[in-house]
Amino acid sequence: MRLLFIEDDAMISDSVAKGLQPDGFSVDTVDDGAAGLLALKNHRYDLLLLDLGLPRMDGLAVLSALRQRGEKIPVLILTARDAVADRVKGLNAGADDYLVKPFDLQELTARIHALLRRQAGRADALIRHGAIELNATTHAVRVDGAAVSLSAREFTLLHALLERPGAVLSVPQLEEKLYGWHDEVGSNTVEVHIHALRKKLGAARIKNVRGVGYMMASAA
Ligand code: CA
């Protein structure tokens, strides 16, 4: 999952980016509102973390511009403004949730998972596809009831494929899920991780659509 964090306090954005990494989240950070809007135009993100007090363009203005553009990305406001009026303004401007600074990383992680579930139209963390069961919160994966141990990147790829089981995801689409701006993307890395995934899950469970990308085999 790839997240954008618009935050002008580098200490906070760095610690959040690092703190979310073990959970399989790749977090890009920008430190002003205008740069944030541009990043959202140029990249596909699964969720936006948004500070309100920002240089150049205030967080609420970013949010309004985003919603006016018709973007439905889930938005979680992280702000020191704990006044009720500010929270209400944020929610009215199209935010999905908010957290007041200072916040606990575990609570942030739980709220992110909850928003992503809601976005995907699920009430719980479990995704089932045929014999495969994936828990988006605990990262537990089972095939025919037996636990399978996946690396963080293998998990991210499987999660992305399971979120849209009828769709073929291209290699660049899968790369976007795996890597942020600061990561170096080696050639063939998606293929390498898919190869490992197939070995662990059973080769027939993930289909390679030649020249297009990868998709889950039908659940039947
Ligand atoms: Ca700020």
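## Exercises on a predicted model

Arg 164 sits in the loop between helix H6 (152-163) and H7. Helices (H or I, at least four residues) and strands (E, at least two) are DSSP runs, numbered from the N terminus. This is a predicted model, where local features need pLDDT of at least 70, side-chain atom pairs count only at pLDDT 80 or more, and totals for chains, interfaces and linings use all residues. Residues are numbered from 1 along each chain as its sequence is written, and side-chain values use heavy atoms, with hydrogens and water left out.

**Exercise 1.** Find out how exposed Arg 164 is and which residues Arg 164 touches.

*Solution.*
- Step 1. Take the cut-offs: buried means under 20% relative accessible area, exposed over 50%, partly exposed in between (1.4 Å probe, protein chains only).
- Step 2. The relative accessible area of Arg 164 is 43%, so Arg 164 is partly exposed.
- Step 3. Contact means heavy atoms within 4.5 Å. Leaving aside residues up to four places away in sequence, Arg 164 touches Leu 169 and Gln 173.

**Exercise 2.** Describe how H7 and H8 pack.

*Solution.*
- Step 1. Two packed helices are described by the angle between their axes and the distance between the axes.
- Step 2. Axes are lines fitted to C-alpha atoms, for helices over the stretch in contact; angles run from 0 to 180 degrees between N-to-C directions.
- Step 3. The axes of H7 (residues 171-178) and H8 (residues 189-201) come within 9 Å and cross at roughly 85 degrees. That makes the two helices roughly perpendicular. The cut-offs are under 35 degrees for roughly parallel, over 145 for roughly antiparallel, 65 to 115 for roughly perpendicular, and oblique for the rest.
- Step 4. From H7, Val 171, Leu 174, Glu 175 and Leu 178 meet Val 190, Glu 191 and His 193 of H8. These contact residues divide into four nonpolar, one polar and two charged. Ala, Val, Leu, Ile, Met, Phe, Trp, Tyr, Cys and Pro count as nonpolar, Asp, Glu, Lys and Arg as charged, and the others, Gly among them, as polar.

**Exercise 3.** Examine the backbone at His 139, Asp 144 and Pro 102.

*Solution.*
- Step 1. Most residues other than glycine have a negative phi, and most peptide bonds are trans.
- Step 2. His 139 has a positive phi of about 70 degrees. His 139 lies in the loop between strands S7 (132-135) and S8 (141-143).
- Step 3. Asp 144 has a positive phi of about 50 degrees. With a relative accessible area of 62%, Asp 144 is exposed.
- Step 4. The peptide bond from Lys 101 to Pro 102 is cis, with omega near -5 degrees.
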